[in-house]
Amino acid sequence: MGLMTKLILGIETSCDETAAAVVGEDLVIRSNVVSSQIRWHRRFGGVVPEIASRKHLENINWIVDKALDEAGVTFADLSALAVTQGPGLIGALLVGLAAAKALAYAHGLPLIGVNHLVAHIWSARLENPDLKPPFLALVISGGHTSLIEVKRDFYCLKGETLDDAAGEAFDKVAKFLGLGYPGGPLIEKEAAKGNPQAVNFPRAFLLKEKKNEFNFSFSGLKTAVVYYVKKEGRERIKIKDVCASFQSALFEVVVKKTLALARELGYKEIVVVGGVAVNQTLRAMMSKEAGTKFKLYFPSAILCTDNAAMVAAAGFEKLQRREFLSLEAEPSANLDLNS
Ligand code: KG4
Ligand code: ZN
């Protein structure tokens, strides 16, 4: 095809989305195919690892073909393959990595292993190619709530959840309230009609003295919602008010800690990524608190939730440094940020 820019095919299977995408070195997305397994997991109220692996296996080949077709390229046009190596569900990761290894071997392409959190961080660059380290990142999703300092050549974890991830808390509260799965969008929809001051749910700020000031804890908030509903009685409570109050309690902690850390470390640029970053109330609260002192980056919804364009974008960093994976590489459920 005589393409001028290098192209990477990204593959993502760390949780319940099977995804493949072709991205150029110019960070222009040539294709971005995401197949959600939500309908298979919905009746269980959460992701079932065994089902996730099986569905990835059924879908991975046609998703890869579709990503190449939509980009109008073949394997011969690619410079490398990038695949999520971890963290995530081990069986789910295994399917994507095995597929990527086989394709890399068959087509003689270098293989790049990408950390899923790092991929989420680089999703912000797809719409802002000029974004450059150092900056602060908040990865807020179903699996993580992490504050990460992004330096020029390494990542430093500054805070994380000690129990449930933010998205996990949304999903569990939604399940308890009988709203369905996944809970984030359903709670956001109910909350839009409710009063965030109706119930004063606890905010867990954790202590500086215990070196915990930038960590999070959301399981107490989830339990407080359960106690409140049981005490008041399901027929007496207003679901919309419970949702609005839960959401604002959770986000108040997230917003305050993120901005406090940015101030402490002296960062003016903050990227907010991951599935929960789709939430409009989070975006509004963060923007209000940040005022004009900080520049915030919120990727489009399709790039916040799991996708492979972000995996390919993160892959370019390693392509430049020629950091490739061997065909013996294995996935890791808790892969190190700097691996
Ligand atoms: O990033 P993601 O697609 O997968 C993980 O890596 O976890 O995030 C999925 C999570 C789910 O917990 C879902 O409930 C949450 O993101 N989520 C939301 C919203 N949309 C998705 N949470 C709050 N508000 C939303 N609008
Ligand atoms: Zn994710």
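Which backbone oxygen does the side chain of Gln-37 reach? The side chain of Gln-37 gets to the backbone oxygen of Ala-52, at 3.3 Å. Keep in mind that this is a predicted model.

- Gln-37 sits in the loop that runs between β3 (29-36) and α1 (38-41).
- Gln-37 counts as buried because its relative accessibility is 1%, and the cut-off for buried is under 20%.
- Besides reaching Ala-52, the Gln-37 side chain has a polar contact with the side chain of His-41, at 2.8 Å.
- If you skip its neighbours within four places in sequence, Gln-37 is in contact with Asp-16, Thr-18, Ile-51, Ala-52, Lys-55 and His-56.

**Helices α2 and α3**
- Helix α2 covers residues 49-71 and helix α3 covers residues 90-107; the two pack at an angle of about 30°, and their axes are 9 Å apart.
- That angle makes α2 roughly parallel to α3, because angles under 35 degrees count that way.
- The crossing of α2 past α3 is right-handed.
- On the α2 side, the residues that meet α3 are Ser-53, His-56, Leu-57, Ile-60 and Val-64; their partners in α3 are Gly-91, Ala-92, Val-95, Ala-99 and Leu-103.
- Sorted by type, the residues of this α2 and α3 contact come out as 7 nonpolar, 3 polar and no charged.

**Helices α5 and α7**
- α5 packs with helix α7 (residues 219-232) at an angle of about 15°, with 10 Å between their axes.
- So α5 is roughly parallel to α7.
- This is another right-handed crossing, with α5 passing α7.
- Lys-172, Val-173, Phe-176 and Leu-177 are the α5 residues involved, and they meet Lys-222, Val-225, Val-226, Val-229 and Lys-230 in α7.
- The residues of the α5 and α7 contact split into 6 nonpolar, no polar and 3 charged.

**Helices α8 and α9**
- Helix α8 (residues 239-265) packs with helix α9 (residues 280-290) at about 40°, and the axes are 10 Å apart.
- At that angle, α8 is oblique to α9.
- As α8 passes α9, the crossing is right-handed.
- From α8, the residues taking part are Gln-247, Ser-248, Phe-251, Glu-252, Val-254, Val-255, Lys-256, Thr-258 and Leu-259. They meet Thr-281, Leu-282, Met-285, Met-286, Glu-289 and Ala-290 in α9.
- By type, the residues of the α8 and α9 contact are 8 nonpolar, 4 polar and 3 charged.

**Glu-188 in α6**
- Glu-188 belongs to helix α6 (residues 183-191).
- Leaving out residues up to four places away in sequence, Glu-188 touches Gln-247, Asn-279, Gln-280 and Thr-281.
- Glu-188 and Phe-170 are 18 residues apart along the chain, and their C-alpha atoms are separated by 9.3 Å.

**Ser-146 in β7**
- Ser-146 is part of strand β7 (residues 145-150).
- With a relative accessible area of 2%, Ser-146 is buried.
- Not counting residues up to four places away in sequence, Ser-146 touches Leu-117, Ala-137, Leu-138, Val-139, Leu-157, Gly-159 and Glu-160.

**Backbone features to look up**
- Gly-86 and Pro-87 are joined by a cis peptide bond, with omega about -10°; Pro-87 is in the loop between β4 (80-86) and α3.
- A cis peptide bond also joins Tyr-181 and Pro-182, again with omega about -10°; Pro-182 is in the loop between α5 (166-177) and α6.
- Leu-27 isn't a glycine, yet its phi is positive, near 65°. You'll find Leu-27 in the loop between β2 (17-24) and β3, and at 10% relative accessibility it counts as buried.
- Arg-322 isn't a glycine either, and its phi is about 55°, also positive. Arg-322 is in the segment after α11 (309-320), and it counts as exposed because its relative accessibility is 61%, where the cut-off is over 50%.

How values were computed
Residues are numbered from 1 along each chain as its sequence is written. Chains are lettered from A and ligands numbered from 1 in the order in which they are written. This is a predicted model: local features need pLDDT of at least 70, side-chain atom pairs count only at pLDDT 80 or more; totals for chains, interfaces and linings use all residues. Side-chain values use heavy atoms; hydrogens and water are left out. Axes are lines fitted to C-alpha atoms, for helices over the stretch in contact, and angles run from 0 to 180 degrees between N-to-C directions. Helices (H or I, at least four residues) and strands (E, at least two) are DSSP runs, numbered from the N terminus. Angles under 35 degrees count as roughly parallel, over 145 as roughly antiparallel, 65 to 115 as roughly perpendicular and the rest as oblique. A crossing is left-handed if the near helix is turned anticlockwise from the far one by less than a right angle, and right-handed if clockwise. Contact means heavy atoms within 4.5 Å. Ala, Val, Leu, Ile, Met, Phe, Trp, Tyr, Cys and Pro count as nonpolar, Asp, Glu, Lys and Arg as charged, and the others, Gly among them, as polar. Buried means under 20% relative accessible area, exposed over 50%, partly exposed in between (1.4 Å probe, protein chains only). A polar contact is a pair of N or O atoms within 3.5 Å; within protein, one must be able to donate a hydrogen and the other to accept it, and residues adjacent in sequence count only if both atoms are side-chain atoms.
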